Amino acid sequence: MTIQQGDTLPEATLLQMGEDGPKQVALSEKIENRKVVIFGLPGAYTGTCSTAHVPSFMITHDDFKAKGVDEIICVAVNDPFVMKAWGDATGASDTGITMLADAESQFTSAIGMNFSAPPVGFVNRSKRYSMLVENGVVQILNTEPSPGECEISAGETLLESMPD
């Protein structure tokens, strides 16, 4: 079942590169008593993800902060080594975006955002979406109809849909 506005996010453990290698990150610690933006995408270094989706949140980062967002998190079904390298390569990490790996697609599958396209090597990857989460509850959810599109889930669109 796909997550919907008003639903509580499931508990999940994601991965992030730390100084000593990969470390586990409990999603609950990121969202409890906080206002967080989470955006998911098919994969690091892929076309639309690199040229549109991540940049849309880099451009709007300060505007989200001005609206009280505590953290912006990018989730992809990749390993934490790739997510760190991609965050560094795009400048997303320097902007303040948290790059988290859902290496086994556990979170992505639990929220019903997984899809597969074996001809291009995508198995249990993430659909493209963005959401505003307050204290673990999805307040706004924007999902793209196609993984190659990035308008509904772009940072600018989510920002515009948030109350002032």
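Which residue in strand 9 is the bridge partner of leucine 132? It is isoleucine 140. The close-ups below come from a predicted model.

**View 1. Strand 8 pairs with strand 9.** Strand 8 covers residues 129-134, and strand 9 covers residues 137-143. The two run antiparallel and are joined by six bridges. The bridge between leucine 132 and isoleucine 140 belongs to this pairing. Two residues lie between the strands in the hairpin. There, asparagine 135 takes a positive phi near 50 degrees.

**View 2. Strand 8 also pairs with strand 3.** Strand 3 spans residues 35-41. Its pairing with strand 8 is antiparallel, over six bridges. Glycine 40 has tyrosine 129 of strand 8 as its bridge partner. Strand 8 is mostly covered, with five of its six residues buried.

**View 3. The largest nonpolar core has 23 residues.** Phe64, Cys74 and Trp86 have the most contacts inside this core. Elements that give two or more residues to the core are strand 3, helix 2 (47-66), strand 4 (71-76), helix 3 (80-90), strand 5 (97-101) and helix 6. Helix 2 gives the most, with four residues. A second, separate core has 20 residues, including Ile3, Ile73, Leu100 and Met131.

**View 4. The surroundings of phenylalanine 64.** Neighbours within four places in sequence are left aside here. Phenylalanine 64 is in contact with Val37, Phe57, Val69 and Ile72, among others. Its contacts also include Gly155, Leu158, Leu159 and Met162.

**View 5. Cysteines without disulfides.** The structure holds zero disulfides. Cysteine 74 is in none, and the nearest cysteine sulfur, that of cysteine 49, is 7.9 Å away. Cysteine 74 is buried, at a relative accessible area of 0%. What keeps cysteine 150 from a bond with the closest cysteine sulfur? The sulfur of cysteine 150 is 8.1 Å from that of cysteine 49, so the two are too far apart for a bond. Cysteine 150 is buried too: its relative accessible area is 16%, which is under the 20% cut-off.

**View 6. Proline 163 follows helix 6.** Helix 6 covers residues 155-161, and proline 163 sits in the segment after it. Proline 163 counts as exposed because its relative accessible area is 61%, and exposed means over 50%. The C-alpha atoms of proline 163 and leucine 141 are separated by 14 Å. Along the chain, these two residues are 22 residues apart.

Key:
Residues numbered from 1 in each chain as written. Predicted model: local features only at pLDDT ≥ 70, side-chain atom pairs only at ≥ 80, totals over all residues. Heavy atoms only, no water. Buried < 20%, exposed > 50% of the residue type's maximum accessible area, 1.4 Å probe, protein only. Pairing = 2+ DSSP bridges. Disulfide = S-S within 2.5 Å. Core = buried A, V, L, I, M, F, W, Y, C linked by side-chain atoms within 4.5 Å. Contact = heavy atoms within 4.5 Å.
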